[in-house]
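Student: Hi! I'm new to this one and would like a friendly walk through it. Can we look at it together?

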Amino acid sequence: MKILDKYLLKTFLITFTTVFVILFFIFILQTVWLFISELAGKDLDLILVIKFLLFSMPRIIPLVLPLSVLLSSIMTFGNLAENYEFAAMKSSGISLQRAMRGLIVFIFVLSIVAFWFANNVIPYAEYKFINFRKNIAQAKPAMAIAEGQFNDVGFYNIKVNKKSGENGNILTGVTIHEKPNNVGENKTVIKAKNGKLMSNEKSSILKLVLNDGYYYQDVTPKKYEDRAKLPFIKSSFKKQIINIDLSELNKVDEDKENSGSTNAMLNVNELRYTLDSLNKNLENEIISFSENINQRVGIRKTPVTIVKTDKKKKSLPDNLLSLYTTKQKSDILRMASSNVTSNIYSIETTQKDLKDKQREINKHLTALYEKFVIAFACFLMFFIGAPLGAIIRKGGLGLPIVFAVLIFITFHFINTFGKRLSQEGGMSPFMGSWMSSFVLLPLAILLTYRATNDNGLINFDAITTPISQLFQKISERFFPAQNQK
């Protein structure tokens with residue numbers, strides 16, 4: 001390795017490590033903020049909090065790594081250009097491509113490591129992260145409930161005045177609001193003097209045993225005039241057991257990028273195997289439904305044979321309903337209308353199910369392509385950042401951060417938009433995953449070309465020269481006398 005390659009690699013590694021640690025710490029704080037409701041007020045010890053953060057850290061790498069490569073490239077080459085080190089290299093016959101050669105090898109190795117990390121470490125961490133969130137409440141059920149506030153646990157909102165006992169599973173002053181199945185007001189309230197939490201690590205059911213309490217439930221009368229009386233049901237109990245499904249803890253809004261989806265916990269081989277099963281299942285369901293609906297409407301696969309009839313025989317009338325009585329006509333039309341309505345409902349229901357299955361396939365395909373996108377993103381960001389730093393000739397944490405943030409926000413926005421669109425069937429999952437790379441690839445080529453030819457970021461002469469020539473022609477045409485002077 002040449003002295004120049006060692007110098008550039010050392011400078012880049014120092015900058016890259018510093019930027020990576022700072023950005024990683026910032027994104028970790030963002031993760032803590034997102035899951036603050038699961039950490040704060042749960043009496044978690046330090047070891048559990050550290051495990052929680054460790055399992056959530058790998059998912060940050062696809063965001064931090066490309067941004068770190070971009071920012072460190074701009075800063076490194078910007079410092080070299082600002083301190084006229086590039087001018088010294090070029091005077092010695094060393095081009096920009098030659099200066100980037102050693103770093104290109106490093107970025108290539110970094111891309112391979114990024115793919116291995118996305119294919120092995122992130123799926124394992126996602127699996128551990130999901131199970132750890134559920135096991136917190138299973139191993140130590142009292143952690144799912146904080147004192148003095150309502151806690152959203154499964155289908156219940158639970159509030160306790162005080163927790164006691166060795167593991168905090170003895171509850172005093174329990175108030176429970178049961179969530180309604182549909183949108184509406186909460187109509188069921190349970191109050192108990194004390195209770196006890198019991199769980200089993202092998203089960204996802206949390207058992208809550210209540211003692212000496214009351215059960216209240218509002219009743220909605222069928223008659224509207226009776227509703228003003230506000231009737232309700234009240235009963236007392238000495239002991240009551242409530243089973244809470246802890247699997248609800250991991251259910252979040254599907255419109256967000258949830259960690260509960262299985263595709264995030266699979267590597268490339270597992271995703272391909274799962275995709276093969278999902279595609280076969282979708283094809284079988286389409287074939288089964290088409291055969292079923294064809295039988296219901298009377299369509300057969302076998303071709304209809306043409307039977308020659310005797311011309312002397314009386315032909316059927318154009319209006320077949322004229323062969324029936326009025327009552328039979330009414331029954332036939334009613335039956336036909338019912339069959340059409342049933343078939344339309346069946347088609348719409350199956351169409352929705354098929355869209356959901358296709359959406360799941362698209363999500364798995366997107367997860368498969370994302371493992372390759374992160375590796376290519378490292379290359380892309382380097383070939384954007386290195387020539388951009390050489391062009392702007394600014395190092396440090398000022399202008400490079402502005403350019404890096406703008407470019408990365410554009411990359412991340414296009415990437416997120418493409419994934420969302422592809423999951424809903426607006427475009428193919430391949431195009432949705434690679435859209436951001438395809439959009440920014442021409443920028444990388446343009447910046448590399450201009451930096452190699454020692455051109456600026458924007459050639460103002462190419463804009464101002466045609467404008468000045470246009471004004472000169474106008475002046476010569478309308479003011480010839482002044483031009484002759």
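Tutor: Happy to! First a term: a helix axis is a line fitted to C-alpha atoms over the stretch in contact, and angles run from 0 to 180 degrees between N-to-C directions. Helices (H or I, at least four residues) and strands (E, at least two) are DSSP runs, numbered from the N terminus.

Student: Okay, so at roughly what angle do α8 and α10 cross?

Tutor: Helix α8 (residues 326-392) and helix α10 (residues 429-452) cross at roughly 10°, and their axes come within 9 Å. That makes α8 roughly parallel to α10, a label for angles under 35 degrees, while over 145 is roughly antiparallel, 65 to 115 roughly perpendicular and the rest oblique.

Student: And which residue classes are in that contact?

Tutor: The contact of α8 with α10 has 21 nonpolar, five polar and two charged residues. Here Ala, Val, Leu, Ile, Met, Phe, Trp, Tyr, Cys and Pro count as nonpolar, Asp, Glu, Lys and Arg as charged, and the others, Gly among them, as polar.

Student: Before I go on, what sort of model is this?

Tutor: It is a predicted model, where local features need pLDDT of at least 70, side-chain atom pairs count only at pLDDT 80 or more, and totals for chains, interfaces and linings use all residues. Residues are numbered from 1 along each chain as its sequence is written, and side-chain values use heavy atoms, leaving out hydrogens and water.

Student: How do α1 and α4 pack?

Tutor: Helix α1 (residues 3-34) packs on helix α4 (residues 61-82) at about 140°, with the axes 8 Å apart. That makes α1 oblique to α4. Their contact has 18 nonpolar residues, six polar and no charged.

Student: What about aromatic pairs, how many are there?

Tutor: The whole structure has 19. Rings of Phe, Tyr and Trp (its six-membered ring) pair if their centres lie within 6.5 Å; planes under 30 degrees apart are stacked, over 60 edge-to-face and the rest tilted. One of the pairs is F12 with F16, which is stacked, at 6.0 Å centre to centre and 10° between the planes. F12 and F16 are separated by about one helical turn because they are four residues apart in helix α1.

Student: Switching to strands: how does β2 pair with β3?

Tutor: Strand β3 (residues 170-178) runs antiparallel to β2, joined by eight bridges; two strands pair if DSSP finds at least two bridges between them. K162 stands opposite T172 in β3. Strand β1 (residues 151-153) also pairs with β2 (residues 156-164) in the antiparallel sense, over three bridges, and the bridge partner of V153 in β2 is Y156.
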